[in-house]
Amino acid sequence: MENIIEVNSLVKSFGDKLALKDVDFNVRKGETIGFLGPSGSGKTTTIKILTAQLAATAGDVRVFGEPVHLLKDPARMKKIGILTDNSGLYDRLTVQDNLALYADLYDVGKERIRNVLEMVSLTDEERTPVKKLSKGMKQRVTLARAILHKPALLFLDEPTSALDPTTTKHIHEGLRELNREGTTIFLTTHDMNEAEALCDRVAFLHDGEIKLLDTPQNLRTMSGSPSISLLLKDKTTVTVEPDESGAAAISGYMASGNLLTIHSNEPTLGDLFVQLTGRNL
Amino acid sequence: MMTTFSIKRVNAIFVKDWKDLQRNSYVLFTLALPLFFAAWLGRIGADSAEMIAFPIVFALVIAGAFVQAAMVAEEKEKNTLRGLLLSPASVTEVFVGKSLLSGVMTLVVVAGCIWLAEFTVPSLPMFALSIVIALIFFLAIGTLLGLLSRTVMETSIIGMPVMLIFGMSSMFKSMITNEAILTVMDYLPNELLMNIWVGLENGAAVGESFLILTVWAVVSVAATVIVYRKRRMD
């Protein structure tokens, strides 16, 4: 499958501090890849290098098969969308005016504004000045701006960090829809649920190094077979192993009508991250 | 890499700035200051060339440099400049778009000052040329101040020496006795503008003043480009 992003031996240093240490990865066309890591792990630095906002200290970075610095060309810029943690909006202008500016810059019809506002559930706020919106609403406007031109490659830096669960779910649905339409998504997050909900592959980034990169399912099964918890009708919990004895126990509880629920005790991505790095996300 | 220049993108930035200006009381008040000053001078009937010309120079400094500085600094302060630079708009399109509104507003304020201060324009084509060259200089200085400032408030502090040197130095000339300083002051853009306007009125040669003013404009644009290139990456 065609690679949209190719990164080989990427190093970035700020003075004496190494922010990225010999990082290698590829992003395939049409996939959603997530970089999971705590603050200071190098997630934002990676996005800034991939969007030509920062120059790499060493290594080869290619986007759409070309050296990343060529992204500065307007025709190439039209193919990417960016939502960073500090994407600014014009406070005194309305939501519509903010998006109209970018519709003109990207040469997109104004009718698309309504589509993206529907996706981020902000159609009622079209005429509202941005300064009157809540932090979460502003975040949704910046997301709407990033996807206004249906980019081939979308960079999202902590896309739902300021949003409530309902809006987050709505945004996730929209991103999945965008991905189904062909947009490749590169996102950074410290929310393991977001990574699991959206990503085809997840990279664990810690101290500027990729510790693991695989599908969420493969990552979860790396720490061995998970045990199984059984909740019985008398509210007691029994833990069994996923082997013949466990199967017999489950069968016994089911036959006696005493079994209420069955849970797989798979480690979460967060558990695995802590196991691997000794740090919380 | 192919370099493009899109009028549509420049216009989009201009329209955005125009909508924003109408709701920006700080910039509107700043733009009105030279007009108040010109109206006051017109009312008291000032008759020296320096006094009558002063509101025009003041308008160029305030509307050209200060407003441009505030607009660029606000884009930086609110992280909106990053958004523009990450869009298909090139650096040239962004700064031309931003300078266009400040430039138009400066010309409107200069015209208002001429009318309110009852300034007699000596030779319209040459006078207009001097204003255009000075406008390029002050817009470049404003952009430079905006790039050097972290906040809109900071532009007032960093910009104060600029206002004193390039806007008001003529008023302090009579208090200065040091010949070297006076000679340097003769080469400042505001003094050159006065020389040009008085020269046009009296039929004196103004070519050298035009030339030096053009050098100021070129150097200020070059300095702005250099500072931008040094600061564009975090």
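Me: Domain bounds come from an automatic or database domain assignment. Into which domains is chain A divided?

Reply: This is a predicted model, in which local features need pLDDT of at least 70 and side-chain atom pairs count only at pLDDT 80 or more, while totals for chains, interfaces and linings use all residues. Residues are numbered from 1 along each chain as its sequence is written, and chains are lettered from A and ligands numbered from 1 in the order in which they are written. Chain A is divided into domain 1 (3-221) and domain 2 (227-265).

Me: How many Å separate the centres of domain 1 and domain 2 of chain A?

Reply: The centres are taken over C-alpha atoms.

Me: What is the strand order in the open sheet of three strands in chain A?

Reply: Strands are DSSP runs of E, at least two residues long, and helices are runs of H or I of at least four, numbered from the N terminus. Two strands pair if DSSP finds at least two bridges between them. In chain A, β12 (237-240) and β13 (259-264) are the edge strands, each pairing on one side only. With antiparallel pairing, the order is β12-β11-β13.

Me: Which residue is the bridge partner of A:Leu230?

Reply: Strand β11 (residues 228-232) of chain A pairs with β13(A) in the antiparallel sense over five bridges. The partner of A:Leu230 lies in β13(A), and its name is A:Ile262.

Me: At about what angle to β11(A) does helix α9 of chain A run?

Reply: Angles run from 0 to 180 degrees between N-to-C directions, and axes are lines fitted to C-alpha atoms, for helices over the stretch in contact. Helix α9 (residues 244-255) of chain A lies across β11, β12 and β13 of chain A. Its angle to β11(A) is about 15°.

Me: Are α3(A) and α5(A) roughly parallel or roughly antiparallel to each other?

Reply: Angles under 35 degrees count as roughly parallel, over 145 as roughly antiparallel, 65 to 115 as roughly perpendicular and the rest as oblique. α3(A) and helix α5 (residues 135-147) of chain A pack with their axes 10 Å apart, at an angle of about 25°. The two helices α3(A) and α5(A) are therefore roughly parallel.

Me: Which element supplies the largest share of the side of chain A that touches chain B?

Reply: Residues are in contact if their C-beta atoms, placed from the backbone, lie within 7 Å. The contact takes 24 residues from chain A and 23 residues from chain B. On the chain A side, α2 (74-77) and α3 (95-105) each supply at least two residues. The largest share, five residues, comes from α3(A).

Me: And chain B: how are α5(B) and α6(B) oriented to each other?

Reply: Helix α5 (residues 91-116) of chain B packs against helix α6 (residues 124-148) of chain B, with axes 10 Å apart and an angle of about 130°. Among the residues that meet are B:Phe95 and B:Val110 in α5(B), and B:Ile131 and B:Leu135 in α6(B). The helices α5(B) and α6(B) are therefore oblique.

Me: How far apart are the axes of α2 and α5 of chain B?

Reply: Helix α2 (residues 25-44) of chain B packs on α5(B) at an angle of about 10°, which makes α2(B) roughly parallel to α5(B). Residues of this contact include B:Leu31 and B:Ala38 of α2(B) and B:Met105 and B:Val109 of α5(B). The distance between the axes of α2(B) and α5(B) is 8 Å.

Methods. Two residues are in contact if their C-beta atoms, placed from the backbone, lie within 7 Å.
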